[in-house]
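Here is a quick tour for someone meeting this structure for the first time. Have a look around before reading on.

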Amino acid sequence: MKKKKSGKQPFDSAQGEERYVPFMPSGDEAPIPNSQFFSNWRRWLNTLSPIIALFVVFELFVLIAPSSFATARNMEMIARQTTIVGVAALGMTLVIISGGIDLSVGSIVALSTVVIAWLLRYAGVGPLTAAIGGVAAAALFGLLSGVLITRLRVVPFIVTLGMMLVVRGAAKGIGREQKIDVDPERLRWLEELLASVPKERNWMLLPPGVWIMIFLAIAMAALLRYTRLGRHTFAIGSNEQTARLCGVAVERVKMLVYTLCGAFAGLAGVMQFSRLTVGDPTVAVGLELNVIAAVVIGGGSLSGGEGSILGTLVGALIMTIIASGCTQRGYPNWVQEIITGAIIVIAVALDRLRHRRTA
Amino acid sequence: MAERINSQQRPTSSPLGMKRNKVSLHPERSRRVRLQMQGVSKRFGATIALEDVGIKVAAGEVLALVGENGAGKSTLMKVCSGAIKPDAGRMWLDGAPYRPGNPLEARRAGVAMIYQELSLTPHMSVQENIMLGMEPSKLGVILWKQVRQRAIEAIKEFDNPELTPDARVSRLSVGSQQLVEIARALAIGCNVLVLDEPTSSLTQQDVKRLFEIIGRLKKQGKAIVYISHFIEEVKRVADRVTVLRDGRVVGSNDVAAISTDEIVSLMVGRQVEELYPRSARQAGEVVLEIEDLAGPDKPKSASLTLRRGEVLGIAGLVGAGRTELLRCLFGLEPVRKGRIKLGVYTGPASPVKRWMQGAGLLSENRKEEGLALSLSVADNVTLSRLKGFGPLGLVLPGRQDKATRRWLEKLDIRCRGPRQSVSSLSGGNQQKVAMARLLQHDVDVLLLDEPTRRIDVAAKALAYKLINALATGGEAVPALRPAGILPAERNKGKMPSPHRQPKAVLMVSSYLPELMGVCDRVAVMCRGRLGPTHRIDEVNEHELMLEATGK
Ligand SMILES: Nc1ncnc2c1ncn2[C@@H]1O[C@H](COP(=O)(O)OP(=O)(O)OP(=O)(O)O)[C@@H](O)[C@H]1O
Ligand SMILES: [Mg+2]
């Protein structure tokens, strides 16, 4: 960020001798207020503000919840509970940045668990193949959404609303409207993804599922920042018409974005399966709303062009902290729901306010 | 080739037809043809936007494309840049057939276009906007160093302190945003450059730089198509001019061989009458009075009085705070201090109130706040006042349409009908729709912000005539309802009034000649401060300009 400090007015030279004056010259461009320090400071504040918010919410519960709240044990639990929403939200962030939305995420999670269970039980494959199968099936449905959105030119809300039902139905069909049990022998590591870390493996700090989420988050953040796909996603969300005029392959990017979102939902399904150890076609109903809430709390804008992975993860964490804090405090469920709802609105309102001031 | 194109053009009695043979004698013209379009036709539903159009641009040549609003200039060049598929027609680029399927292919082939309506991604940085779609990358990973370097190279030509590679585009002024678009076309390199009204929001300094750049590109042998409504600009920058009317080429000639008047009459198809009509105006009672008004940042201090039957112009530089002044008056920005008196009402008020009090604002930013683009013409025209279109507060579309048709006719708005969506109108016609809203609402005080930006000569003449008629209470705009009387009963009462009252117009413009032409008085705004008003016969352009630059 190098900015020339405007010692002299930039446009003051050379008028008067010119005869032709279609527009008046400018001698009064807005002065540049930002010194380097100031603008850097502001940028840092912008990046860090989700973390500050997270800290504030956390401290709040440390104050009001019982002393067990701030323990390592509890933090690990919060991380574990965040993982399912968090992983799905990684893909949703991409979709929301592109100016779209995906309502089928919850259904895809359920489908993924069912496919994994089915593969383990009836196809006799190992856990890795089963997990990949689950993610692949999910990605396929994501791709289908993407194709419908770009080919039929139907808005994402409608397409994915339809897909929400279609996928849920498919999951129920595969499971014959029932849960699919799996022989515990066959689960192996699948069971441990989100189990709390056993004593002898304390060096891991967090369960493998949480690590997977963290690594994927870093990968996604890099994708958004450093790759063409990532920047084009932003461009499409910011102004789709422009992106198209500039030669961005809008359709292809969108299809990729929805496929990725499906794949992440599938992976969230793997995590869900690890928790349940059965394939359950009725699980994760309404999960998509939590996922969207996480993205939005983290600064994602439903009109596109804005959002960050860090913010999204913070959003997911804030929601878990509230849930867990309320549980420990012994608040009934309804209080928790009201608080979560209020937080969503407040977070977005604060975000708007911040934007207005920095704009 | 040349013969074929020429023979398609309608015979015309103007000098355009006669001078054509000279083309081959000209040393520069003998260079090879870079871009050629032939027989291009395009329809949008029932609208014929282009019919059998052919143009030709040689290497190292600037071709100006002029024509009225809706003549099809933008459409033609969008065909060239791959944004629109023509119904018929062929194109050649450097002699080879050229048929871009999408803008990316066109850019790859070396055709860059700067679009009329800003096309930027507001959430992204300047450097990203400049390189969008063409980012240098390896395995999909963007090479940021190169992006930055190429962006810096492209923007350093403008030497504008606001333009830094990391600045977020949404925070830039409109002028700088326009520069970003130009830089985008320069950065990717091109053989054919199309500029669609690039100067409509640039300062004179930037226009000068742009012309220097165009001069340089010319020397490098690029072919340039330049669309503008400013004939002076065309005369200054272009080598040849092609005139479009109603989707057809009506003539084309060397710029040096044709006068401004000839170009204009070709565009319009008739002689344009006096550009700035001025009937005797009678200044009446004071309708707007502001005193030491200050907004959040700009204006810093503004005082003026505006009377009925008067056109008051506000001159000044881009960014001096003129728009903000109008926005403060109209309740779109908070008022920090100062006094506003509109008719009998004092103090700041919300836009809703302002409409009811008989004031209307024509926004300078037509696309973002002036119009609801996806709605129909009728909906836009009647948006601010949906009363009186049916019993019981119902809004009957038929009556809306009827009211709208009047304005389509009066303002010569080119569209298929009141139900066409505004987004599909040409830029200038959109502006007229925005103007029609004020007239339909029948406001007493018109706050006009750059009312003639991006509209063609004929439409400008019409706008001036209209403003004149409004200020004199003349015939051109007969009232639908009795002319408003500022106090509150105007909205309820159906008081019949035999005379049309003249209106008061407060007009912001960056185009000095038009202020000199239509206003009774002018005030100059400089760095947020509004100077004293001058009677128009007591100042000249030069003095106003000095005042605007604060000297
Ligand atoms: N997408 C569209 N759908 C329907 N009609 C359109 C569309 N785009 C342009 N038109 C029509 O085609 C005609 C030519 O429009 P165009 O934008 O090319 O005019 P223009 O010469 O650029 O005018 P201006 O000087 O106002 O920019 C107009 O009548 C316009 O209403
Ligand atoms: Mg145009």
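How many aromatic pairs does a search of the whole structure find over all chains? The search turns up 6 of them. One thing to keep in mind throughout: this is a predicted model.

## Rings and charges

Let's look at two tyrosines. A pair of aromatic rings is described by the distance of the centres and the angle of the planes. For B:Tyr276 and B:Tyr464, the ring centres are 4.9 Å apart and the planes meet at 40°, so this pair counts as tilted. The two residues are 188 apart in the chain, and their pairing links distant parts of it. B:Tyr276 belongs to the loop between helix H10 (260-268) and strand S13 (286-294) of chain B, while B:Tyr464 is part of helix H17 (residues 457-472) of chain B.

B:Arg406 has its charged end over the ring of B:Trp407, 4.7 Å from the ring's centre. Over the face of B:Tyr511 you'll find B:Lys460, at 5.4 Å from the ring centre.

In soluble globular proteins, nonpolar side chains tend to be buried together. In this model, the largest nonpolar core has 96 residues, and A:Leu120, A:Phe273, A:Val291 and A:Ile321 are the ones with the most contacts inside it. Helix H2 (residues 72-97) of chain A gives this core its largest share, 13 residues. There is also a second, separate core of 69 residues, including B:Cys328, B:Leu408, B:Ile413 and B:Val422.

What does A:Leu120 touch, leaving out residues up to four places away in sequence? Among its contacts are A:Val125, A:Pro127, A:Val182, A:Leu190 and A:Phe273.

## A sheet in chain B

Chain B has an open sheet of 6 strands in the order S18-S19-S20-S15-S21-S22, with mixed pairing. At the edges are strand S18 (359-362) and strand S22 (529-535), each pairing on one side only. From one strand to the next, the twist averages 15°.

Strand S21 (residues 521-526) of chain B runs antiparallel to S22(B), and 5 bridges join them. In one of these, B:Met525 has B:Leu530 in S22(B) as its bridge partner.

Helices come into the picture as well. Helix H16 (residues 427-441) of chain B packs on the sheet and touches S18 and strand S19 (445-449), its direction making about 175° with that of S18(B). Helix H20 (residues 541-548) of chain B lies across strand S15 (310-316), S21 and S22, running at about 30° to S21(B).

Definitions and conventions: Residues are numbered from 1 along each chain as its sequence is written. Chains are lettered from A and ligands numbered from 1 in the order in which they are written. This is a predicted model: local features need pLDDT of at least 70, side-chain atom pairs count only at pLDDT 80 or more; totals for chains, interfaces and linings use all residues. Side-chain values use heavy atoms; hydrogens and water are left out. A nonpolar core is a set of buried Ala, Val, Leu, Ile, Met, Phe, Trp, Tyr and Cys residues joined through side-chain atoms within 4.5 Å. Buried means under 20% relative accessible area, exposed over 50%, partly exposed in between (1.4 Å probe, protein chains only). Helices (H or I, at least four residues) and strands (E, at least two) are DSSP runs, numbered from the N terminus. Contact means heavy atoms within 4.5 Å. Rings of Phe, Tyr and Trp (its six-membered ring) pair if their centres lie within 6.5 Å; planes under 30 degrees apart count as stacked, over 60 as edge-to-face and the rest as tilted. A charge sits over a ring if NZ of Lys or CZ of Arg is within 6 Å of the ring centre and within 35 degrees of the ring normal. Two strands pair if DSSP finds at least two bridges between them. Axes are lines fitted to C-alpha atoms, for helices over the stretch in contact, and angles run from 0 to 180 degrees between N-to-C directions.
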